[in-house]
Amino acid sequence: MSINPVSQFVLLAPLSGVMVPLDTVPDPVFAQKMVGDGVSIDPTSNVLLAPITGKVTQVHSAKHAITLVAANGIEVLIHIGLDTVMLKGQGFTAKVKEGDIVDAGQPLIEFDMDAVGRKALSLLTQMVITSGEKVARYTPNTGLVIAGKDIALTLDLAEGIAQTSATADSSGEAYSDPIRTPNPTGLHARPAAVLANAAKTFKSEVKLVRAGQEANAKSVVAIMGLEVQNGDEIRVRAIGPDASAAIQKLSALIISGCGEDVGGVAPKHKPAPLDTIKTTKAQPKSEDPNVLTGVSASPGLAVGQIFQVKQVDIAVVEAGESPELERRRFDQALKDAHQQLENLKSEISDESKAEIFAAHQELLEDPDLLAIAIAGITNGKSAGFAWKEAYNTYSAKLAALKNEVLAGRANDIRDVGLRVLRLIAGIEETAMVVPENAILIAEDLTPSDTASLDRTRVLGFCTVGGGATSHVAILARSLNIPAICGIDEDALNLTNGMPVILDGSRGTLRKNPSEAEVNNIREKQAKQAIKRDAELAAAFEPAVTQDGIHVEVVANIGGIDDAVQGVKLGSEGVGLLRSEFLYLERTDAPTEEEQSQIYIDIAKALGNDRTFVVRTLDVGGDKPLAYLPMPVEENPFLGVRGVRLCLAEPELLHTQVRAVLRSAPFSKLAIMFPMITSLEEVREVKRIVAEEKAALGITQDVQVGIMVEVPATAVMAEQFAREVDFFSIGTNDLTQYTLAMDRGHPKLAKQADVMHPGVLNLINMTVKGAHAHGKWVGVCGGIASDPMAIPLLLGIGVDELSASVPTIPAIKALVRTLNKVECEKLAAEVLQMGTAAEVRARLSQLVD
Ligand code: PEP
Ligand code: MG
């Protein structure tokens, strides 16, 4: 956690009223500052609010005074009225107790103004600092103040007292400062799992606190049940021998987004990613009585027949045989379920999808979920009954949450729950028997159901529950099955066998389509299939234009699976390994050994004839690393990211460069640096590569290149080309920096167009600059996967296209239809255009 060097600390007005100088208070104990320096307020409100965030260390037995301590050790005493101790609590109601953690502005004590005012010497309320040794200067406010809103007192802290830090008391209890949750969709399953895993590494009991509610931070389901939303203020509390260390590490992890890309933008101001704010609720009904609508979960068209899927309930007896026997049954079922999930994971090629089942494995170890089940067993219930109670309690709790993403995870708990329950009950998991050309309709499908769908029979599915971000939807997309979530409930009444057309992209299900409609869809599908087959058949042919120019078509990858798939689809190498994917999901830094093994595996998958361009770590403000605390930046896209971060953390870069270089013998290795803005950066990274190469005794040729994604670098392409081996143009960032539009901004998405002539001319300058010095240029931004842009890029003179893996056969096929000279004429024309719309209109004439 970063320690803020600013040494001011503010206390909010605990009551509304008029500020009164402390030395004028008619009580020498306060006026002479015997208790401490501070302020007094003549109150007009009767609920005392916390002036700071901190821990309640004392509530006086007469309830007229309270002491709080802030995370930095500043201790505040607030004393309501003068001589009020005599009232022995009459007229005072404490809202908190000792040991509570409170937020600034949270009610502490309510008092009856009339009753107290009549009996006490005065209602003047004193707020004094009892840890005066930590304060260099007091600046009291004057005039009227509003409780919880205005500042009553500003402290200049003595040297060495940080404004933020973790606090630990002698009993081994520590708590963090309040942290605003940066995750766009709050602490949903994935960040919750990262946090719970990190919490489990500490011996201390660790709690997450939100608005007075606490959850076990070692339990994923408990964290999700707390429903922490983007921008919510939370704290970590730890009790035990390593409490302070737990607070430090977990606070940093939460601030960094728990492995999630949190954009570094102030929470609440950052819109949630578009696909996470889609809702499954209240989809407008279609005007056409034959069309049922829902949310697009996975694109694609399917013509088939309805097949209704009904969930079966597994009956359990309540009473157990003996707690020992039931416990043994339960433990065995958990073990077997773990193994089943392991098998399922290995059947899914896409690692990020396999993670869904890894998360299910974690649920099997969730302390809160297990605690409920084990308590039931100890109380004489059967293993099945106790477990069913446990997972139903939690899934119902999650399903009721307002946050759609969290509510969607109730289905994951039911899925794991059923898996274990089947094992306890000795019921075999049977694959659904479905007819040919089936379009499944279900209340909900579990991720396991989805992963095990028979693709030869199931053409698509619709669920009443779930949403576009549900794991079922993610799986459907990876399995390439058209799907709709949140479909109109009427779908559950459609009869089996009814012919339908499912349009996964539009989220519509058409009942009883006419023959003409079916034919139309079938024709479209057939054409697409023929084209795709032809592209696949020629996938291994080089991409050579009609006039004989070879364009290298390579893959953008995030890991070994993409590399293997890319080779299968005819990729001629890797133009961009986004190496940060190897770091982002982790809570600790990978060792050099771990990293180099990954690079070696990928290099071996490519072989010595294919290029392997590894981009060094591109993290920073917008992609934080859980284990590398970074200050939150005002504008992270313009902050310490990419190579800037690596040069600020040279050990990180040296380790990565060594790990990458160790894969040099296994493919044609090139190292590329992101976000390069200056020649000084280029010289420094080249020096590091040369140093590590010599140290490792690597003799192979390793090219060193840079990403061109900052306009200054494109403009100075000639100067850069003199000093590097190649460029790869990152058009995603180049577009955002050229047009000054955040690449993830939902409102500017249309205008942040790579086809803007400003961006295209910078691409052109980059290519010309490189070629002037005999260097090659690739494009690895999204434009290289867009068929419409390919003739233009070829015309500009781009030598290599690094595209997303599934598009490779189509891009290669397209290049083979083009004529380089014609493309050059097209580029000359397009580069003169004034708007992106004109460019798009012209380019769309060339593709079907
Ligand atoms: C780009 O900016 O175009 C690029 C390829 O890098 P990334 O999308 O990973 O930032
Ligand atoms: Mg980039």
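This is a predicted model: local features need pLDDT of at least 70, side-chain atom pairs count only at pLDDT 80 or more; totals for chains, interfaces and linings use all residues.
**Entry: strand β6**

I started with β6, residues 65-70. I asked how many of its residues are buried. The count is 6 of 6, so I noted β6 as mostly covered, taking buried as under 20% relative accessible area. Next I sorted the side chains by direction. Ala65, Thr67 and Val69 point one way from β6. Ile66, Leu68 and Ala70 point the other way. Both sets are buried.

**Entry: the neighbours of β6**

I then looked up which strands pair with β6. Strand β5, residues 54-59, runs antiparallel to β6, and 5 bridges join the two. I located Val56 and found Leu68 as its bridge partner in β6. β5 and β6 make a hairpin with 5 residues between them. In that turn I picked out Lys63, which has a positive phi of about 60°.

On to strand β7, residues 75-79. β7 pairs with β6 in the antiparallel sense, again with a count of 5 bridges. Here Leu68 has Val76 as its bridge partner in β7. So I have Leu68 bridged to Val56 and to Val76. The hairpin of β6 and β7 has 4 residues between the strands. I noted Gly73 there, with a positive phi near 95°.

**Entry: an open sheet**

I traced a sheet of 3 strands in the order β4-β10-β8. The sheet is open, and its pairing is antiparallel. Which strands stand at the edges? They are β4 (47-49) and β8 (92-94). Each has a single partner strand, so one side of each lacks a neighbour in the sheet. For the pair of β8 and β10 (residues 107-111), I found 3 bridges in the antiparallel sense. Ala94 stands opposite Ile109 in β10.

**Entry: a closed barrel**

I followed a second sheet around and found a closed barrel of 8 strands. The order is β29-β30-β31-β32-β33-β34-β35-β36, with parallel pairing. Neighbouring strands here are turned by 25° against each other on average, direction ignored. I checked one pair in detail. β35 (residues 776-779) and β36 (residues 800-804) are parallel and share 2 bridges. Gly778 stands opposite Glu800 in β36.

**Entry: helix α21**

I took α21, residues 679-696, and compared its span with expectation. The helix has 18 residues and reaches 26 Å from first C-alpha to last, close to the 26 Å expected at 1.5 Å a residue. Which of its residues are buried? My list reads Leu679, Glu681, Val682, Val685, Ile688, Val689 and Glu692. I kept in mind that residues three or four places apart on an α-helix point the same way, because there are 3.6 residues a turn. The buried residues of α21 pack against helices α19 (643-648), α20 (650-661) and α23 (717-721). They also pack against strands β32 (668-673) and β33 (703-708). After α21 comes Gly697, with a positive phi near 70°.

**Entry: α16 against α18**

Last, I looked at the packing of α16 (residues 560-568) and α18 (residues 592-606). Their angle is about 5°, and their axes are 9 Å apart. That makes α16 roughly parallel to α18, as the cut-off is under 35 degrees. I listed the contact residues. From α16 they are Ile560, Ala563, Val564 and Val567. From α18 they are Asp601, Ile602, Ala605 and Leu606. I divided this contact into 7 nonpolar residues, no polar and 1 charged.

Note on methods
Residues are numbered from 1 along each chain as its sequence is written. Chains are lettered from A and ligands numbered from 1 in the order in which they are written. Side-chain values use heavy atoms; hydrogens and water are left out. Axes are lines fitted to C-alpha atoms, for helices over the stretch in contact, and angles run from 0 to 180 degrees between N-to-C directions. Angles under 35 degrees count as roughly parallel, over 145 as roughly antiparallel, 65 to 115 as roughly perpendicular and the rest as oblique. Contact means heavy atoms within 4.5 Å. Ala, Val, Leu, Ile, Met, Phe, Trp, Tyr, Cys and Pro count as nonpolar, Asp, Glu, Lys and Arg as charged, and the others, Gly among them, as polar. The expected span of a helix is 1.5 Å times one less than its number of residues. Buried means under 20% relative accessible area, exposed over 50%, partly exposed in between (1.4 Å probe, protein chains only).
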